Amino acid sequence: MSLAHGRPYLAIPGPSVIPDRVLRAMHRGSPNIYEGPLIDMVAGLFPDLRAVAGTTGHVAIYIGNGHAGWEAANANLFSKGEKALVLAVGQFGLSWANAARAMGIEAEVLDFGKSSPADMGRVEAALRADTRHEIKAVLTTHVDTASTIKTDIPALRAAIDAAGHPALLAVDCIASLGCDEFRMDDWGVDVMVGACQKGLMTPPGLAFIWFSESARLRCGQSDLASPYWAWGPRAEPEEFYQIWDGTAPTSHLYGLREALDMIREEGLPQVWKRHHALASAVWAAFDAWSTGNPAIGMNVADPTHRGWSVTAARFGAPHATRLREWCESKAGVTLGIGLGMAPSTEPAYHGFLRVAHMGHVNAHMTLGALAVMEAGMSALDIPHGPGALAAAAQVVAAATRHTGP
Ligand SMILES: *Cc1c(COP(=O)(O)O)cnc(C)c1O
C-alpha cells in the first residue's frame, strides 16, 4: 500500500517548494512592458535584492538558471585566456571551473575533495605563487549543493588580503541565498551569483549578479561580455528593456516580488535562524541514526562547515536509492540524489542522498520528512540507531524557546 496521496513534498535542493502566495502572484495576464505598474514594481525589486545579499552594490538580473549566473559572472570578470583560481569542495565548484574553461578562461582548480572544507593556507600559497598577478578572480561556492560544504567567506577574504593579491572575490550563493547568513559588503565579496529557485522560492528562471563598484571599474571591458551577458546596461539601464536585454520575464517578476515580501515580513536574520534550526534538527536525526549503523552518516563531519539549506549523507549502497524510492512512492516525500559523490553508473552511487531544508520550509515539513525517512528505514530493514525523531523534536522545541520570533 502507498500512503503517498496528499500534498507531495519535494525536499530536493532546488527547485524548492514554491509558496502558494508566489504562485498566485504569478498567475496573471501579461502587463504592459513599456509603461505603468510593472515598471514601478521592478524599480522596487532592486533595493530588496540588495538587502538579501547584504550589499549597496550593483545588481544585474538575467533570464536564466544558475548556470546562466555562472556564465554571466565569467563573461564579465574575464577576457579569453585570463586566469581564475577556483576553490572546489564538491561538484558545483568543479562545474563552475568547467563552465569557465569552456569559455576560454584558464581555470586553476584547488580541489579539496568532497568532504573537507577549503584550506585557506593553500589558497593563500597559490595566490602568493602568482607573483605576476595573472589570477584576476577567485571563484568559490558559498555552499556547494552536492557536498553541502560551506566555505568560510571572511576567512577566504582574509587569505586573499594576507597574500596581498588584487584578485576579485566571486562567490556562488545559489544554494545559500535566503537560507544561510551571507553579508556581501561586510565580508568583502566583489561578485555574488544567485538564482531565484532555491532560497528565493520562485520557479527557476531568474539569475542574479551583484557586483561591487571596484568590480564594475575593473571588469565589463571583457571580450567575453557580449551584449546579452554584459552586466553594465542591466545594472544601469537607460531604457527598461535593457534590464533584460529584451522582454521582461513578467510572471517571474511578480513571483519574486511576493517572495521578497515574504522574506522581509519574516525578517532576513529570522529566515537564517529558521534554516539553522531546521538544519540542526536534520543533523540531530542523522547523529542518532548513525549510532546504530556506521554506514549512515553526514558527508560533512564538522557542523560549522555544513550549509544550512541542504544536508548530504551516505546510507551504504544501495540503501540511499532504496530509501529515496520508498519515501517518494510510499510517503510523498522526494529526497535529493547524491550528486558528484560517485558516478551514476557505479553501485556506490546508490549510497548517497541529500535532504533539502531550503526556502519555504517549516518545522512540520522537516520533522515530517525525517519521520518518513525513519519509516522507510524500518520498512526496508535498513539498520539505524534509535531516538532520531525525538532528538530532532528536541532541537525544534529548543529553537522555539528562544526569545524573539
Ligand atoms: C543549483 C546550483 C547551481 C546551478 O543552478 P541551475 O539552476 O541548476 O543551473 C549552481 N551553483 C549552486 C551552488 C547551486 O546550488
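The exercises below, each with a worked solution, concern a predicted model.

**Exercise 1. Classify the ring pairs F240–W244 and F286–W289 by their geometry.**

Step 1. Ring planes over 60 degrees apart count as edge-to-face, provided the centres lie within 6.5 Å.

Step 2. For F240 and W244 the centres are 5.9 Å apart and the planes stand at 70°, so this pair is edge-to-face.

Step 3. For F286 and W289 the centres are 5.1 Å apart and the planes stand at 85°, so this pair is edge-to-face.

Step 4. Check burial. F240 and W244 are buried. F286 has a relative accessible area of 0% and is buried; W289, at 0% relative accessibility, is buried.

Step 5. The count of aromatic pairs in the model is 10. One aromatic cluster is formed by Y62, Y228 and W229.

**Exercise 2. Which rings have the charged end of R28 or R306 over them?**

Step 1. The charged end of R28 sits over the ring of Y254, at 3.6 Å from the ring centre.

Step 2. The charged end of R306 sits over the ring of W283, at 4.9 Å from the ring centre.

**Exercise 3. Describe the boundary between domain 1 and domain 2.**

Step 1. Take the division of the chain: domain 1 covers 9-16 + 267-400, and domain 2 covers 31-265.

Step 2. The C-alpha centres of the two domains lie 28 Å apart.

Step 3. Contacts involve 27 residues of domain 1 and 30 residues of domain 2.

Step 4. The two domains bury about 2400 Å² between them, with 60% of that area on carbon and sulfur atoms. On the domain 1 side, L268, W272 and H305 lose the most area, together 23% of what that side buries.

Step 5. Count salt bridges between domain 1 and domain 2: zero.

**Exercise 4. Locate Q91 and list its contacts beyond four places in sequence.**

Step 1. Q91 belongs to helix α4 (residues 91-102).

Step 2. Its relative accessible area is 28%, so Q91 is partly exposed.

Step 3. With nearby sequence neighbours set aside, Q91 contacts D144, A146, L339 and G340.

Step 4. For G340, the separation along the chain is 249 residues, while the C-alpha atoms of Q91 and G340 are separated by 5.3 Å.

**Exercise 5. For the salt bridges E124–R128, K150–D180 and D261–R264, give the distance and the place of each partner.**

Step 1. In E124–R128 the closest N and O atoms are 2.7 Å apart. The two residues are four apart in helix α5 (residues 120-129), about one helical turn. E124 is partly exposed at 21% relative accessibility, and R128 is partly exposed at 47%.

Step 2. In K150–D180 the N to O distance is 2.8 Å. This pair links distant parts of the chain, 30 residues apart: K150 is in the loop between β5 and α6, and D180 is in the loop between β6 (168-172) and β7 (191-195). K150 counts as buried at 13% relative accessibility, and D180 counts as buried at 2%.

Step 3. In D261–R264 the closest N and O atoms are 3.3 Å apart. Both residues lie in helix α9 (residues 250-266), three residues apart. R264 is exposed, at 54% relative accessibility. Shared partners join D48, R257, D261 and R264 into one salt-bridge network.

Step 4. The count of salt bridges in the model is 17.

Notes:
Residues numbered from 1 in each chain as written. Predicted model: local features only at pLDDT ≥ 70, side-chain atom pairs only at ≥ 80, totals over all residues. Heavy atoms only, no water. Phe/Tyr/Trp six-rings, centres within 6.5 Å; stacked < 30°, edge-to-face > 60°. Buried < 20%, exposed > 50% of the residue type's maximum accessible area, 1.4 Å probe, protein only. Lys NZ or Arg CZ within 6 Å of the ring centre and 35° of its normal. Domains from an automatic or database assignment. Contact = heavy atoms within 4.5 Å. Buried area = accessible area lost by both parts, 1.4 Å probe. Salt bridge = Lys/Arg side-chain N within 4 Å of Asp/Glu carboxyl O.
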